[in-house]
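Please look over the sequence and the structure shown here before reading on. The report that follows goes from a single side chain to the chain as a whole, and then to its charged pairs.

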Amino acid sequence: MAINVAFYIDRSYSMNGCIDDVFTACYDICEELRKKFSKEALVENIDYRIFAFNNYMTEIKFGDK
């Protein structure tokens with residue numbers, strides 16, 4: 001089984017006060033999923049895709065903001 005997760009993060013002006021917290025939460029969730037399921041015999045792969053958007057959508061590399 002593969003676990004594939006996509007996150008879509010709003011980085012518009014309305015998120016200015018909390019965008020760092022949003023990215024931190026996103027990466028914390030990714031790390032917790034990896035910790036919880038990486039040793040499971042049925043899980044072959046855990047993959048994340050992170051997209052940030054305001055006027056357009058951009059894929060973000062894990063760890064970037």
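## A first residue

Is Lys35 buried or exposed? In this predicted model, Lys35 is exposed, since its relative accessible area comes to 57%. The side chain of Lys35 also takes part in a salt bridge with that of Glu32, where the N to O distance is 3.5 Å.

Glu32, with a relative accessibility of 46%, counts as partly exposed. Because Glu32 and Lys35 are three residues apart in helix H1, about one helical turn separates them.

## The chain as a whole

The chain contains one helix and three strands, and these elements follow one another from the N terminus in the order β-α-β-β. Along the principal axes, the C-alpha atoms of the chain fill a box of roughly 45 × 20 × 15 Å.

Of the 65 residues in the chain, 25% are buried, and the chain exposes about 4800 Å², with carbon and sulfur atoms supplying 52% of that area. When contacts between residues at least 6 apart in sequence are considered, 62% of them join residues at least 24 apart.

## Charges

The chain carries 8 positive and 11 negative side chains, and the centres of these two sets lie 3 Å apart. Side chains of opposite charge can pair when their charged atoms come close. Searching the whole structure gives three salt bridges, one of which is the pair of Glu32 and Lys35 already described.

Another salt bridge joins the side chains of Asp20 and Lys65, with an N to O distance of 3.8 Å. This pair links distant parts of the chain, for Asp20 belongs to helix H1 (residues 19-37) while Lys65 lies in the segment after strand E3 (57-60), 45 residues apart. Asp20 counts as partly exposed at 47% relative accessibility, whereas Lys65, at 56%, counts as exposed.

A further salt bridge is formed between the side chains of Glu59 and Arg49, at 2.9 Å from N to O. Here too the pair links distant parts of the chain, with Glu59 in strand E3 and Arg49 in strand E2 (residues 45-53), ten residues apart. Glu59 has a relative accessible area of 43% and is therefore partly exposed, and Arg49, at 41% relative accessibility, likewise counts as partly exposed.

Note on methods. Residues are numbered from 1 along each chain as its sequence is written. This is a predicted model: local features need pLDDT of at least 70, side-chain atom pairs count only at pLDDT 80 or more; totals for chains, interfaces and linings use all residues. Side-chain values use heavy atoms; hydrogens and water are left out. Helices (H or I, at least four residues) and strands (E, at least two) are DSSP runs, numbered from the N terminus. Buried means under 20% relative accessible area, exposed over 50%, partly exposed in between (1.4 Å probe, protein chains only). Contact means heavy atoms within 4.5 Å. Accessible areas come from the Shrake-Rupley method with a 1.4 Å probe; for residues, only the protein chains shown count as cover. Lys and Arg count as positive and Asp and Glu as negative; His and the chain ends are not counted. The place of a charge is taken as NZ of Lys, CZ of Arg, CG of Asp or CD of Glu. A salt bridge is a side-chain nitrogen of Lys or Arg within 4 Å of a carboxyl oxygen of Asp or Glu.
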